[in-house]
Amino acid sequence: MKMTHGPRSSTIMALGCWFLRAMTMADCLTTSERGVSDNRFRPFSVQRTCSLPLLASVNDSSDQDQLQDVTDLLVFKRKEPYSNQHPVYIRENSMADAITKQGKVPYGESSRKFRRTIFTYSDWVKHRSNVSTIWTLRDVFYSGVVRELIGNTLTVTASGILLILWNDFLVPLCGAPALSLPTLPFTLSSSALSLLLVFRTNSSYGRWTEARATWTRIITHSRNLVRMAATISDPADMALPASRSAAALDDLARDVWLFARSVMNRLSGPEDEKAYLTDLEEALSDTAPALWRRVLSASDRSMASLTQLSLSLSRTPIDAKSRLEIDKSVIILGDCLGTCEKIFNSPVPLVYTRHTARFLSIWLLLLPLTMYDSFLPGPTTTGRVVGRLLPQIAMVPTVMIMSLFLFGIEQLALQLEEPFSILPMQTFCENIRSANGRIIDWAVESAKEHHS
């Protein structure tokens, strides 16, 4: 027997469609509202399927269209734009791109390579939009940090549930002593815990900031080194078809990129080895096969690349005074390598990290004992057992939310402590190569125009 929908069910379905569409389109405002013309990210929502009885109960064509809209909005995939005014844009190698390709939310170590964010103007517009802050709550359960903390959060939540079972069931039945703690110890210790978490996150963020600043120096001095060599080289020789200066500049630019790429390989895990071998084969196997083999067999590839860079600079046909001036950038690149090795090889002191983790774990595991009395039913509460238990049951989600966000602070510090795996170092290296190539092309063309 088929069911029919009255005006009320159609209205409810229409409101549901409107609400889901509003959630999906919240970050895709029109150009006149934003004041800019840019591509947007399309939000994602959880994948669900409608049951067969629900599909079979829809008779009216308008209801079927509305139900299809709901189904489309709940499918977890890349969607086509609703109109030409809202083009879909998903940043390459971003978390949204990973979700689209894999069909699931990566978290843990597998998610770090998707956190290597490079912002554009459109991303900044989205980042500072008025709706983005509150609307991030809809995707809280798809957060990699939240998924990483499921075990810790469930452990603290289980301690709250066990406390309710003990005090509300075993105590009346067996006469066991009720369990609770005064709030004073937690009040006094909360400030100490806050300071530990603040220092922990600040030290980790400081390491990330230093790593990013160091790579900025690598990029700027890599470009500066090639720029100075290109402008100091003899313009007359640069204009020749078989220019010795141009060939030396090409070698210099190649070795500058080789140094940056070798530093990246030094700071990356084993998963980068295959990409490193491929990049070096493409760059060196035809033009410098001997150098290619020597770098791959070197015990310290980054230092070997830095030495090769100095040798290339010494072969560049420029005067000695200018070479010494350019060598200052090579010295700074060596300093940057040392800074990166310092951050990579030296974590935050383990005694500090472990003490903070133990303090936080014990504090949260004992938290339900001090919150229990605050959630006891009032003197006027009457009714069945379920009605009397409702206040205590409310303690469970409260403990879960508090543990989620406090453990989240510790997890953020842990994620930032080793910053190189979440820095877009591959993009940095590609930018160095492309920028130096443009510098040399510009210098050669300018020399040819000057001597034409």
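How many salt bridges does a search of the whole structure find? I looked this up and found ten, a salt bridge being a side-chain nitrogen of Lys or Arg within 4 Å of a carboxyl oxygen of Asp or Glu.

I noted that this is a predicted model, in which local features need pLDDT of at least 70 and side-chain atom pairs count only at pLDDT 80 or more, while totals for chains, interfaces and linings use all residues. Residues are numbered from 1 along each chain as its sequence is written, and side-chain values use heavy atoms, with hydrogens and water left out.

**Entry: within helix α12.** I looked up Arg254, which forms a salt bridge with Asp251, the closest N and O atoms being 3.4 Å apart. Both residues lie in helix α12 (residues 244-267), three residues apart, about one turn of the helix; helices here are DSSP runs of H or I with at least four residues, numbered from the N terminus. Arg254 counts as buried because its relative accessibility is 16%, whereas Asp251 is partly exposed at 34% (buried is under 20% relative accessible area, exposed over 50%, partly exposed in between, with a 1.4 Å probe and protein chains only).

**Entry: from helix α12 to other helices.** I then turned to Asp279, whose salt bridge with Arg261 has its closest N and O atoms 2.9 Å apart. Asp279 lies in helix α13 (residues 273-284) and Arg261 in helix α12, so this pair ties together parts that are 18 residues apart in sequence. I found Asp279 and Arg261 both buried.

Glu341 and Arg266 also meet through their side chains in a salt bridge, at 3.9 Å from N to O. This pair links distant parts of the chain, with Glu341 in helix α16 (residues 320-345) and Arg266 in helix α12, 75 residues apart.

Conventions. Helix = DSSP H or I, 4+ residues; strand = E, 2+ residues; numbered from the N terminus.
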